[in-house]
Amino acid sequence: MTKSILKKTIISSVLILLVGTLIWLGVKKDSNLEYQPLAYAGSVFDVASEQDDSYRTFLAASEKTFPTTIHEVDLQDYSYENGLFEEDIPKYENYLDDQGKNKNGLYLPETGDLTFNIEVANAGLYNVNLDYFNVKGRGASIIRGIKINNEYQYAEAENITFLRFWRDEHLVSEDRQKGINDLRPLQIETHLWANTDIYDQMGYYDEAYYFWLDKGVNTITFVSHREPIVIGKITFYQAEKLRTYEQYLNYYDSLGIEKNTTDFHFIQEAEEAYLKSSPTLNPIAEFSTYKYSPYERQVTRYNAIGGVNWRVPGDEITWQVEVPEAGLYLLTLTIMQNFSRGQSVSRNLMVNGKIPFKEAKNLQFKYKSDLQNITLKNAENLYLYLESGPNTISFKSTIGMYGSVVQQVNNEIKKMRVLYREVVTRTGLNPDPIQDYLLARNIEDLNERLENIYESFKDIRQEVIELSHGRNSLVSVFDRINYQISKFIKDEKNIQNGLREWEQNISNLGSWVIGISEQPLAIDKLIVHGAGYQPKRVSTNFFERLWHQIILFFESFKNTGDFGSSVKVAGPTIEVWIGTGRDQATIIRQLIDDSFVTQKGVNVRLKMVNLSVLLSATLSGNGPDIAIGVDQKLPVNWGIRNAILDLSQFADFPEVATRFSNSALAPLQYDGKTYALPDTEDFLVMFYREDILAEIGVEKLPKTWDEIIDISPALQKQHFDFYIPLAQGALSPVLHSMIVQQGGNLYLDNGARSGLLEQESLNAFIEFSRFFTDYGFVLQANFINRFRSGEMPIGISNFTTYNSLAVFAPEINGQWDYGLFPGTYDSEGVLHNQTTSNVSSTVILKHTKHPEASWEFVKWWLDADTQVAYARGMEAILGAAARYPTANLEAFKNLPWPAKDYLLLKTQRENAVGIPTVPGDYIVGRYIDNAFRQTLNEQVLPQDSIHRYHLMINEELARKRKELGLE
């Protein structure tokens with residue numbers, strides 16, 4: 001029996017083994033069959049973002065027909081729609097510019113679209129020429145979109161820029177005194193009639209834009225994006241082609257005009273420019289070498305122009321030069337180009353408003369760490385024809401020879417972002433390193449697309465090396481990304497394991513585009529001269545540089561941080577501390593000297609300090625009379641301790657307070673007293689990526705928190721997130737907004753106790769907690785970076801995030817916007833979308849000996865005119881990224897916001913609320929955050945958690961009030 005069982009067991013085992021072997025062989029045989037991928041079902045990211053709708057593509061696809069007929073638009077026959085301001089409408093009238101030129105023109109308002117009809121005899125490609133007048137606006141560049149027959153013919157036509165003109169309020173050299181700092185001149189807009197072809201300001205294309213007009217009647221629509229403009233004439237024609245330098249020279253030779261061979265020279269200090277296209281192009285003070293003209297140790301001499309301020313393509317500076325007789329002259333520039341290591345920067349030259357010849361475009365200035373004299377030349381020195389008397393010499397920043405490279409990189413960035421998001425929709429942002437996501441099977445042509453990107457960057461890298469005359473830091477970003485892509489091609493699992501590095505490499509490419517597109521150049525002086533003149537040496541040797549640095553080192557110890565004034569009056573002297581940077585302090589110093597000291601009869605000693613020392617300085621009796629830029633919690637907490645002056649005691653305080661919103665004043669007031677006035681006010685809005693939301697089917701921006709929850713599945717299905725900011729150990733501004741929206745209060749009885757257990761406040765806390773406990777919203781993220789990459793296509797942030805995105809995320813320009821803060825409908829169907837604001841403020845210290853003089857200063861500093869001048873001065877130095885969020889309502893209205901943005905921010909500010917400051921509030925935010933973390937991490941019911949911390953908050957509030965004698 002045992003043997004029989006054993007025999008059967010052996011036979012069964014053999015049969016099982018045999019069957020298994022056959023099955024294994026069959027599977028192995030099948031595995032050698034050609035792999036058949038699943039049919040591609042499509043991706044939500046296969047959208048127009050990959051399409052090339054550039055001007056280059058338009059031109060290549062257009063029939064090469066260039067009619068010579070000239071067509072002028074009838075400016076008095078138009079239709080107007082979509083205007084946002086009833087009082088701002090088109091009108092045709094006469095306009096006189098600041099140089100006395102008088103012309104008729106059509107006023108195009110700040111908002112709205114104007115459409116004209118034009119009948120064309122012959123279909124074809126036409127250039128467009130305009131006479132325009134930069135009428136007064138908010139001070140930003142004028143931007144219009146141009147549609148032909150109701151559509152943009154290429155992407156670049158959506159944003160056509162028209163320059164404004166600025167000049168210095170006074171010459172830098174005026175009233176210059178030895179040993180006293182120069183005053184930086186304010187930038188004053190000059191309103192002029194100008195003529196221009198419509199062209200690419202960036203310099204990607206060497207010619208004016210062409211537009212295709214059909215035979216018969218065409219419509220031309222000017223779409224307003226920013227600023228008003230007056231147009232005197234619109235002409236469709238064929239622009240004259242530039243001649244070569246040889247043709248240019250032969251023309252003047254035929255007229256008998258000879259090259260000037262004398263030692264004649266005319267020196268124009270570059271800082272005293274005639275006109276600029278941007279207020280950022282103000283004079284700068286350079287100390288890097290004593291060869292700058294003029295130069296004085298330890299004294300601020302504005303002795304150059306440009307530098308990093310002159311980096312934006314399209315920005316233009318014009319100087320006036322004089323020659324005794326008409327002729328051909330050489331032009332030498334004394335420049336500093338130590339900004340763009342490993343590359344040249346480009347400028348277009350214009351003489352008397354026109355580019356004289358082809359070789360005057362894309363003039364190259366190579367990197368050097370010292371001043372250098374550059375005589376304009378190609379293969380030989382370039383002579384320029386100048387009329388007898390005054391002439392204008394202009395240089396325009398342009399992207400130059402790197403234009404095509406930048407366009408190629410931008411196209412590859414688009415492809416990489418699309419592919420990155422396709423991967424993320426399948427793997428999530430934190431993929432399992434072991435799991436096989438079958439990316440090659442599920443993403444159409446994955447390897448082929450990677451190989452194409454690899455080859456494109458390989459070609460781009462080589463082109464950059466050739467343009468830069470050698471391998472340098474400009475190619476390292478391509479080395480890194482191609483190394484990573486080669487790993488992706490080798491093994492698709494490297495993709496999921498390298499997602500973070502991939503996203504970082506894409507961001508690095510965006511930064512590379514910014515860096516290569518910026519073309520900074522500083523100019524010390526221009527010299528127009530004959531061939532017999534030899535400019536003086538401006539370079540320095542090793543010993544000269546060493547001695548200069550030694551002197552600067554020892555003299556730096558004399559710097560006290562005091563921004564002294566050259567203006568003195570017989571009145572009292574007050575001391576003002578500012579806790580921001582040197583540029584801000586310099587602007588304030590200048591404004592004080594220009595419009596406060598002599599007008600009010602008060603001397604001002606301005607110091608730049610770290611405001612963290614304000615407490616110790618005040619306690620020791622060394623504090624200032626006034627501090628600018630203090631945190632919003634400081635005034636009340638110091639005021640109730642009798643360390644800060646109550647501003648409401650001044651008779652005209654009620655009038656001054658009307659300059660600000662109630663939300664800006666709320667954190668600075670307590671118990672009927674106001675201890676400060678706000679400098680800035682920032683508040684929350686909702687940012688969103690239009691391109692991505694459209695792709696996933698979100699057709700309208702959510703207005704309420706319920707609608708945000710409704711779109712969350714669509715977001716999370718694609719591994720996207722909605723961003724709600726949290727503050728570790730502090731009160732979330734979003735939670736505070738929700739409490740107010742529900743009708744609750746953070747405090748009761750003037751801050752004597754917490755209002756968190758009121759039903760409205762409790763409901764808000766529960767709803768806020770559910771975002772993270774029930775719906776999986778992320779707790780912490782770098783919103784700007786993830787918004788830029790597309791991983792967080794919608795979220796809440798301060799409106800000043802606009803500045804960062806507009807300047808530092810150029811690759812997503814036109815793909816994002818912002819809207820009102822989400823809210824809650826009440827029982828009557830009214831939407832409550834209050835947002836939380838925060839402020840910085842100006843205070844007068846209690847120990848001041850000159851309270852009236854200090855109050856005069858505070859009123860002057862926070863006046864609309866001063867705030868506008870300061871804000872524009874900041875943008876003039878640091879660019880749009882430094883747009884100042886002034887709390888003054890009238891000043892904010894006059895800053896260079898696009899009209900649509902201003903109206904949205906105005907609406908949201910009207911629904912802003914400030915967080916009250918009460919004694920003991922330092923503990924409130926911490927305990928509310930503790931309650932939230934306990935709910936999140938320990939699964940405690942939110943009502944139980946907040947109840948516990950509510951009691952603890954009340955204990956601390958009562959203790960602090962007793963300590964301060966407020967009970």
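Reader: First up, is K103 buried, partly exposed or exposed?
Author: K103 counts as partly exposed, at 24% relative accessibility. Buried is under 20% relative accessible area, exposed is over 50%, and partly exposed lies in between, with a 1.4 Å probe and protein chains only. Before we go on: this is a predicted model, where local features need pLDDT of at least 70, side-chain atom pairs count only at pLDDT 80 or more, and totals for chains, interfaces and linings use all residues. Residues are numbered from 1 along each chain as its sequence is written, and side-chain values use heavy atoms, with hydrogens and water left out.

Reader: Got it. What does K103 pair with?
Author: K103 forms a salt bridge with D131, and their closest N and O atoms are 2.5 Å apart. A salt bridge here is a side-chain nitrogen of Lys or Arg within 4 Å of a carboxyl oxygen of Asp or Glu. D131 sits in strand β6 (residues 124-133) and K103 in strand β4 (residues 102-108), so the pair ties together parts that are 28 residues apart in sequence. Strands are DSSP runs of E with at least two residues, helices are runs of H or I with at least four, and both are numbered from the N terminus.

Reader: And D131, buried or exposed?
Author: D131 is buried, with a relative accessible area of 10%.

Reader: How many salt bridges are there in the whole structure?
Author: The search finds 40. Another of them joins E189 and R164, with the closest N and O atoms 2.4 Å apart. E189 is in strand β10 (residues 187-190), while R164 is in the loop between β8 (160-162) and β9 (165-168), 25 residues away. Both E189 and R164 are buried.

Reader: What about D593, which residue does it bridge to?
Author: D593 bridges to R589, with 2.9 Å between the closest N and O atoms. The two are four residues apart in helix α11 (residues 582-595), which means about one helical turn separates them. D593 is buried at 6% relative accessible area, and R589 is buried at 5%.

Reader: OK, cavities. How many are there of 30 Å³ or more?
Author: Two. A cavity is a set of points, on a 1 Å grid over the protein atoms alone, where a 1.4 Å probe fits but cannot get out, and lining residues have an atom within 4 Å of a point. Grid points are joined across faces, edges and corners, and the volume is the space filled by probe spheres set on the points.

Reader: What lines the largest cavity?
Author: The lining is L726, A727, A730, L731, S732, L735, F768, I928, D929 and F932. The space inside is about 50 Å³. Helix α27 (residues 922-938) gives the largest share of the lining, three residues.

Note on methods: 1 Å grid on protein atoms, 1.4 Å probe; cavity = no way out; pocket = protein on both sides within 12 Å on 5 of 7 lines; lining within 4 Å.
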